[in-house]
Structures are given as C-alpha cells and as structure tokens.
Amino acid sequence: MAATTSRTLELLSLLQSHRHWSARELVDRLGVSERTLRRDVERLRELGYGIESMRGSAGGYRLEAGTGLPPLLLTDDEGVAIAVGLRSQATAGLRGAEHTTLSALAKIEQVLPPALRRRIDALASHATPGPGGGGGPGRDGALGRATPEIDTELLGALALACRDAERLRFSYTDASGHASARVVEPYRLVPVARRWYLLAWDRQRDDWRTFRLDRMADLFPTRVRFEPRPLSDDEARERVERALRHRDRSVTARVIVELPREELVEHLGWYGRDVVADGASRSVWPLEADYVENLVMALMWVPRGIRYRVDGPPAVLEFLAEQAERFAAAAGDGTGRG
C-alpha cells in the first residue's frame with residue numbers, strides 16, 4: 001500500500017509539472033505497466049483530480065483545471081517561494097483579501113518541515129525590499145544581458161546567516177573578473193533590478209561591502225557569531241543603492257546619431273528613454289555602464305547603416321579604435337578566407 005501511495009503521488013507530481021504526458025513517457029518514468037498506470041490515474045480521479053485521457057498517436061494524459069481545488073504537491077523551493085510571497089503580501093495589506101491571505105499562509109506553514117519554516121522566517125525578516133527598474137523582463141540593465149538565476153539554497157543560507165549573526169566565508173568574483181576570498185558579517189539581502197545583493201561588513205577591509213549573489217561561490221558558514229551593528233532596513237537599502245550607483249556609472253559617453261530623435265527612440269524602445277534631439281535630424285544618446293566593454297557593446301544597437309560618433313573619455317575611444325582594428329583583421333579581405 002505504501003508503494004502504491006508513493007507511486008500515485010509521484011504520478012500526480014508529474015501531471016502537475018507538465019501540460020501533457022504520453023502514456024509511454026509515464027510508464028517509463030514510473031517503471032510500471034500501462035495497466036498499473038491506468039489504475040493509478042483512476043485513483044487520482046476518485047480523489048477529485050480531473051485527468052483527461054487522449055487517444056491516438058498524440059494520446060496520453062493531461063491534468064485538467066477543475067471547478068474545485070484538490071491538494072497540490074509542492075517541492076521545498078516552491079513551498080518556500082509561496083510562503084514568502086504570501087507573507088510579503090499579508091504585510092503589505094492586500095485590500096479586501098487580508099483574511100484569505102493569512103488563512104492560506106497558515107495552511108502552508110502548518111505543513112512545512114521545521115527546516116523550511118526557519119528558511120522562510122529568515123528570508124522574511126532579513127530581506128529588505130528594494131526598488132525595481134532596470135531592463136525588461138528577464139533582462140539586466142541597459143545592455144540587455146540575461147538576468148542570472150540565483151540558487152534558492154544560497155538565498156536561504158544567507159538569510160539564515162543574517163538572522164543568526166553568523167560570520168561567513170566565500171569566494172567572490174567582481175565585475176572585472178578578479179576573484180578573492182572574503183570573510184564577512186552578513187546583515188541584509190536586498191533585491192534591486194531583478195538581482196539579489198548581500199550587504200555585509202567586510203572584516204578584511206573594515207568597511208561595508210555589497211556583494212552580488214550570482215558572483216558568490218563556495219559559501220562556508222563559520223558558526224562564529226558576531227555582535228550586529230545597528231542598521232535599519234532603510235539604511236541597508238540606501239547603502240546598497242549608493243554602492244550600485246557608484247559602480248554602474250563609472251563609465252559614461254554620448255553617442256551622436258544621425259537620426260531624428262523620434263526614429264531613434266522608436267528603434268531603441270525603453271533603452272532610448274534618455275535620447276535628446278540635436279537639431280531636426282540628429283540625436284544624442286547618453287550611455288552609462290559599469291565598465292568600458294559593456295558600454296561599447298551597446299553601440300551595436302544603433303541602426304545598421306546609420307552614421308554615428310562617440311563622445312567620451314579616452315578609455316572608451318581607445319577601446320573603440322582597438323576593436324575597430326580587430327574587427328577589420330577578422331574580416332580579412334571580405335571573402336571569409338582571411
């Protein structure tokens with residue numbers, strides 16, 4: 001009976017994770033016969049799950065959206081994500097739905113294992129809300145890079161260290177690619193522009209430092225406690241924002257483009273919000289980046305065949321000239337033979 005129940009729950013998990021499964025795929029995943037699969041499907045239907053059977057070459061099974069809400073199977077990370085979101089919404093006050101938000105939160109937290117509840121408590125109490133902004137969905141900043149994913153285990157471990165005032169060791173790679181070993185006293189996790197940052201007191205530098213989570217590796221909790229310095233959520237957010245402003249605006253330039261402002265803005269979309277007109281047929285596009293290479297990459301967005309000129313510091317102009325020579329050499333005689 002235990003094996004049957006476990007297998008049925010595994011089948012339900014598969015159906016919830018994918019819109020459509022062929023019978024052969026489910027048989028292979030579960031390691032059962034088609035007859036056993038059909039019996040397990042019937043058990044789920046008896047429990048109230050609407051499961052549609054489809055015949056033919058594209059046949060299989062699909063979990064239907066029903067009129068009721070049967071039990072859901074969630075992974076640890078899914079449970080934590082939902083509980084943290086509900087807590088945040090309950091704190092913000094979802095007008096007209098306060099009772100249902102708190103009721104749903106209570107039901108989820110009641111069945112979570114103690115280790116997951118500790119992770120949720122830590123995230124809720126030591127993740128400081130930060131402003132949005134930046135690039136479009138799933139993109140990072142004005143250069144359109146994909147936003148790196150963050151390991152939820154890392155996020156949870158850092159939140160626990162912040163809550164417990166536990167000193168951490170980890171390796172960190174900065175924007176220039178330089179790797180270093182850090183020993184810090186962690187304080188707050190702050191999300192800014194679809195990225196997570198850790199605000200911590202760096203013991204080697206005897207000062208506050210901001211660390212991007214996707215650049216951290218080899219996290220090691222030392223089990224050494226520290227006496228926290230007084231720091232409010234607002235102060236933590238301001239420190240992170242100030243550090244990011246300093247980094248992100250370390251290189252600037254102006255791109256003079258031979259296009260009317262309206263045409264250039266239409267081409268650049270959101271990233272052309274700062275473009276200004278320079279006469280009837282020319283525009284100025286101001287650029288900012290954390291380092292020269294990223295700023296120059298943005299020039300690829302200028303429409304093909306349109307003349308433009310870059311007005312910027314020597315580092316930007318020298319890099320442009322160097323890359324122009326490299327591109328010319330790479331093109332060879334234009335035939336692809338070098």
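Biologist: Is Asp206 buried or exposed in this model?
Modeller: The model is predicted. Asp206 lies in the loop between β7 (195–202) and β8 (207–212). The cut-off for exposed is over 50% relative accessible area. Asp206 has 55% relative accessibility, so Asp206 counts as exposed.

Biologist: What is the phi of Asp206?
Modeller: Most residues other than glycine have a negative phi. Asp206 is a residue other than glycine, yet its phi is positive. The value is near 50°.

Biologist: Where does Asp218 lie, and what is its phi?
Modeller: Asp218 sits in strand β9 (residues 216–225). With a relative accessible area of 66%, Asp218 is exposed. Asp218 is not a glycine, but its phi is positive, at about 55°.

Biologist: In which order do the five strands of the open sheet run, and which are the edge strands?
Modeller: The order is β8-β7-β6-β5-β9, with antiparallel pairing. An edge strand here pairs on one side only. That picks out β8 and β9.

Biologist: By what angle are neighbouring strands of this sheet turned against each other?
Modeller: The sheet is open and its pairing is antiparallel. Direction is ignored for this angle, and the value is an average. It comes to 45°.

Biologist: How many bridges pair strand β5 with strand β6, and which residue stands opposite Tyr172?
Modeller: Strand β5 covers residues 166–173 and strand β6 covers residues 179–192. They pair in the antiparallel sense over six bridges.

Biologist: Which residue meets Glu185 in a salt bridge?
Modeller: The N to O distance in this bridge is 3.1 Å. Glu185 lies in strand β6 and its partner in the loop between β7 and β8, so the pair ties together parts that are 18 residues apart in sequence. The partner is Arg203.

Biologist: Which helix holds both Asp234 and Arg237, and what is the N to O distance of their salt bridge?
Modeller: Both residues lie in helix α8 (residues 233–248). They are three residues apart, about one turn of the helix. Arg237 counts as partly exposed, at 21% relative accessibility. The side chains meet at 2.6 Å.

Biologist: Which parts of the chain does the pair Glu258 and Arg282 link?
Modeller: Their side chains form a salt bridge at 3.9 Å, N to O. The two residues are 24 residues apart, in distant parts of the chain. Glu258 is partly exposed at 39%, and Arg282 is partly exposed at 31%. Glu258 is in the loop between β10 (251–257) and α9 (261–268), and Arg282 is in the loop between β11 (276–277) and β12.

Biologist: Is Ser283 buried or exposed?
Modeller: Ser283 is found in strand β12 (residues 283–289). Beyond four places away in sequence, Ser283 touches several residues, among them Val255, Ile256, Leu264 and Val276. Buried means under 20% relative accessible area. Ser283 has 0% relative accessibility, so Ser283 counts as buried.

Biologist: Which residue has its backbone oxygen 2.6 Å from a polar atom of the Ser283 side chain?
Modeller: The contacts of Ser283 include Val257, Pro260 and Arg261. The backbone oxygen in question belongs to another residue on the contact list of Ser283. That residue is Leu259.

Definitions and conventions:
Residues are numbered from 1 along each chain as its sequence is written. This is a predicted model: local features need pLDDT of at least 70, side-chain atom pairs count only at pLDDT 80 or more; totals for chains, interfaces and linings use all residues. Side-chain values use heavy atoms; hydrogens and water are left out. Helices (H or I, at least four residues) and strands (E, at least two) are DSSP runs, numbered from the N terminus. Buried means under 20% relative accessible area, exposed over 50%, partly exposed in between (1.4 Å probe, protein chains only). Two strands pair if DSSP finds at least two bridges between them. Axes are lines fitted to C-alpha atoms, for helices over the stretch in contact, and angles run from 0 to 180 degrees between N-to-C directions. A polar contact is a pair of N or O atoms within 3.5 Å; within protein, one must be able to donate a hydrogen and the other to accept it, and residues adjacent in sequence count only if both atoms are side-chain atoms. Contact means heavy atoms within 4.5 Å. A salt bridge is a side-chain nitrogen of Lys or Arg within 4 Å of a carboxyl oxygen of Asp or Glu.
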